[in-house]
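Hi there,

Here is the structure I promised to pass on. Have a look, and then read on for what I found in it.

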Amino acid sequence: TNINGRIFVIMMEDKTQNFSQAQLEKIIDLPDESDLAGLTQDQLISLFIERLIKEKGGPSSELERNRIADNLKDFVMTEILMNLPDYLVNKINDSLDSGEASDELIDSVIEESGIDANKIAEQAMLKFRENYLNNSEEEA
């Protein structure tokens, strides 16, 4: 698969994801009583990053939080793209070349592929967490 670096620009911004409560609790490690309904992707990422920083035991600047968020989004998107058939990755790249790329296109490509993007994202987030906590900076 020829994944172009610019594909990461297409991360879906500030959209509510359809993670189940159980998936969210596993990813973010929140108590059962937490009400996460209606949180946006960016809010979930912020919660996840705050938990990572707390687990690692160190203070972090806003710049560092933003760097971690960008790396996390790239990591998750890469995992999703790696699960897409080549022809759909090419469809995304072609839309980027023509300036026609959009969140709707990305959503439709993922839907067309039949992959379980939420499951892939969950696994990617858990892998990212493990890498981050184990100081694998090149992977996190």
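Accessible areas here come from the Shrake-Rupley method with a 1.4 Å probe. On that basis, the accessible surface of the protein comes to about 7,800 Å², and carbon and sulfur atoms hold 47% of it. Please keep in mind that this is a predicted model.

The protein has 6 helices and 0 strands, giving the pattern α-α-α-α-α-α along the sequence. Of its 140 residues, 39% are buried. Among contacts with a separation of 6 or more, 71% are between residues 24 or more positions apart.

Now to the inside. The largest nonpolar core has 29 residues, and those with the most contacts inside it are Ile-68, Leu-72, Val-76, Ile-80, Leu-84 and Phe-128. Two or more residues each come from helix 2 (41-56), helix 3 (62-82), helix 4 (86-98), helix 5 (103-113) and helix 6 (117-133). Helix 3 gives the largest share, 8 residues. Leaving aside neighbours within four places in sequence, Leu-72 is in contact with Ile-45, Phe-48, Met-125 and Phe-128.

Helix 4 and helix 5 pack at an angle of about 170°, with their axes 10 Å apart. Angles over 145 degrees count as roughly antiparallel, so helix 4 is roughly antiparallel to helix 5. On the helix 4 side, the contact is made by Tyr-87, Leu-88, Lys-91, Ile-92 and Ser-95, and on the helix 5 side by Leu-105, Ile-106, Val-109, Glu-112 and Ser-113. These residues divide into 6 nonpolar, 2 polar and 2 charged.

Best wishes

Note on methods. Residues are numbered from 1 along each chain as its sequence is written. This is a predicted model: local features need pLDDT of at least 70, side-chain atom pairs count only at pLDDT 80 or more; totals for chains, interfaces and linings use all residues. Side-chain values use heavy atoms; hydrogens and water are left out. Helices (H or I, at least four residues) and strands (E, at least two) are DSSP runs, numbered from the N terminus. Buried means under 20% relative accessible area, exposed over 50%, partly exposed in between (1.4 Å probe, protein chains only). Contact means heavy atoms within 4.5 Å. A nonpolar core is a set of buried Ala, Val, Leu, Ile, Met, Phe, Trp, Tyr and Cys residues joined through side-chain atoms within 4.5 Å. Axes are lines fitted to C-alpha atoms, for helices over the stretch in contact, and angles run from 0 to 180 degrees between N-to-C directions. Angles under 35 degrees count as roughly parallel, over 145 as roughly antiparallel, 65 to 115 as roughly perpendicular and the rest as oblique. Ala, Val, Leu, Ile, Met, Phe, Trp, Tyr, Cys and Pro count as nonpolar, Asp, Glu, Lys and Arg as charged, and the others, Gly among them, as polar.
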